[in-house]
Amino acid sequence: MLFLFPAFVFFAASGVDLPAILCIIECVHKCGRIAGSSDEGYEAIVPIDRANTKRIQGNAWDEEEKGLQEVSDKMKLGIVGLPNVGKSTLFNSLTKAGAESANYPFCTIDPNVGVVAVPDERLKLLADMYNSAKVTPAVIEFVDIAGLVKGASKGEGLGNQFLANIREVDAIVHVVRCFEDTNVIHVDGSVDPVRDIETINLELIFSDLEILERRMAKTGRAANNDKAAAKELALMKALKAHLEDGQLAITYQTEDEDELKWLSEYNLLTAKPVIFAANVAEDDLAREAAQRDRSANDGAACVANPDGLTTCDGTSNDYVGKVREYASRTGSEVFVICAKIEEEISELEDDEKQMFLEDLGLQESGLEKLIKASYSLLGLLSFLTAGEKETRAWTIKNGMKAPQAAGKIHSDFERGFIRAEVVNYRDLLDCGSLAAAREKGLVGLEGKDYVVQDGDVILFRFNV
């Protein structure tokens, strides 16, 4: 006896997460064929041992079902910064989690965690087209990590408490103070963003050195009789010297795949990608917006980088300029934000948000800027799944091939991958259905070597 799985249509666009796979099982009495397709998905024949078959109820497997495992991941960003730079205010505005914010160090004693929906207009458009009963956006997890001070790695302030919280994130959002305000105390008595960046980097370097020294002691014992261990020990020595010179692990140049693999296993804090959030005063943000409007006429001031992010370096305050100069040496992203404005935006309804941004002369919110910077830095794009029951989004790496992309939805989709029907996202919306897109010859048939592109709509065919 065979069972029938209606699979879903899978889309690639630009947003994040994993779907709850809804499998509706019907018994069929014919073997050796694959059932027909529809706009919602493709029905693939899935042979299952009748003796081991478990029931499916609603949209979840029975608790006894162990045969199918969903693949789960989401982007996790750690927000760090010295005390009173606007870090927790930014976290509050991004997550609406209400993390305590006060004008003194260490008000965030325990890390606050918030999950943020990724704004993506495509979800609404697809949901409208399919009349989806449910829309589940992609998500990013933010961790607000307690303020750091000089000497934290040696026990000052909150000591090493912050280090474990940073270690598991995909990237670090480093909030840097780029505004003057006599009412907000700076722990070092003055505003100097580069000094602040280097203060935190030094604490991260000290932590990484401790990790390397422990690993070197262990690897050194095996290096005399093991060529691989000797090679790794040489890497650690070179990396240790690099860090002791005040350099970050992310700037270390590995020589081969072995070194790259070992470096990734160390999970060093200074090897993580960094996005600098230059927190400016409201007046500075307004001036930058005004200059952006002027640049639309003369085309001179604003420059788009290869990833599509736009900066107006000529109008940023001096502090922001210094942050950008520093970031360029490490390949980091920078975006300008006013945490206070973001806090106000977070309290508004969607239609009011857009009006508020327009009144300020802004094109997008700080959250949208951060998401663009994060996706660019980490090399990400998103899948969308769509159908009558649900439209949903999740993240994949840029350059991922079709079978592995299918595996992000479900491991069996990758294991039983046959081929994929691919259509441009905009073409699907213009045609109104996948069937109509097929009739116009806009759907291509792709195999296992196809690299998923941003904006693809993919119908995966699989057989397990």
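Does Asp 120 count as buried or exposed, and at what relative accessibility? At 12% relative accessibility, Asp 120 counts as buried; buried means under 20% relative accessible area, exposed over 50% and partly exposed in between, with a 1.4 Å probe and protein chains only.

## Basis of the report

This is a predicted model, in which local features need pLDDT of at least 70 and side-chain atom pairs count only at pLDDT 80 or more, while totals for chains, interfaces and linings use all residues. Residues are numbered from 1 along each chain as its sequence is written, and side-chain values use heavy atoms, with hydrogens and water left out.

## Helix α2 and its ends

Helix α2 covers residues 121–130; helices (H or I, at least four residues) and strands (E, at least two) are DSSP runs numbered from the N terminus. Its buried residues include Leu 123, Leu 126, Ala 127 and Tyr 130. They lie on the same side of α2 because they cover an arc of only 100 degrees around the axis, the arc being that of the directions from the helix axis to the C-beta atoms. The face turned away from this buried side carries the exposed residues Glu 121 and Lys 124.

At the start of α2, a side-chain oxygen of Asp 120 comes to within 3.0 Å of the backbone nitrogen of Arg 122. The side chains of Asp 120 and Arg 122 also meet in a salt bridge, at 3.1 Å from N to O. A salt bridge is a side-chain nitrogen of Lys or Arg within 4 Å of a carboxyl oxygen of Asp or Glu. Arg 122 is partly exposed, with a relative accessible area of 22%. Just after α2, Asn 131 takes a positive phi of about 55 degrees.

## Other salt bridges

The count of salt bridges comes to 18. One of them joins the side chains of Glu 390 and Lys 134, at 3.8 Å from N to O. This pair links distant parts of the chain, 256 residues apart: Glu 390 is in the loop between β16 (380–386) and β17 (391–397), and Lys 134 is in the loop between α2 and β9 (135–136). Glu 390 counts as buried at 12% relative accessibility, whereas Lys 134 is partly exposed at 44%.

Glu 343 forms a salt bridge with Lys 340, with the closest N and O atoms 3.9 Å apart. Both residues lie in helix α9 (residues 339–345), 3 residues apart, about one turn of the helix. Glu 343 is partly exposed, with a relative accessible area of 27%, and Lys 340 is exposed, at 54%. Elsewhere, salt bridges that share partners join Lys 134, Glu 390 and Arg 392 into one network.

## Nonpolar cores

A nonpolar core is a set of buried Ala, Val, Leu, Ile, Met, Phe, Trp, Tyr and Cys residues joined through side-chain atoms within 4.5 Å. The largest has 75 residues, of which Leu 126, Phe 142, Ile 166, Cys 178 and Phe 276 touch the most other members. Helix α11 (residues 366–378) supplies the largest share of this core, 6 residues. A second, separate core of 19 residues includes Ala 420, Tyr 450, Phe 460 and Val 464.

## Strand β20

In strand β20 (residues 456–462), 7 of the 7 residues are buried. Asp 456, Ile 458, Phe 460 and Phe 462 point one way from β20, and Val 457, Leu 459 and Arg 461 point the other way. Strand β18 (residues 417–424) pairs with β20 in the antiparallel sense over 7 bridges; two strands pair if DSSP finds at least two bridges between them. Glu 421 stands opposite Leu 459 in β20.

Technical notes:
Polar contact = N/O pair within 3.5 Å; in protein donor to acceptor, adjacent residues only side chain to side chain.
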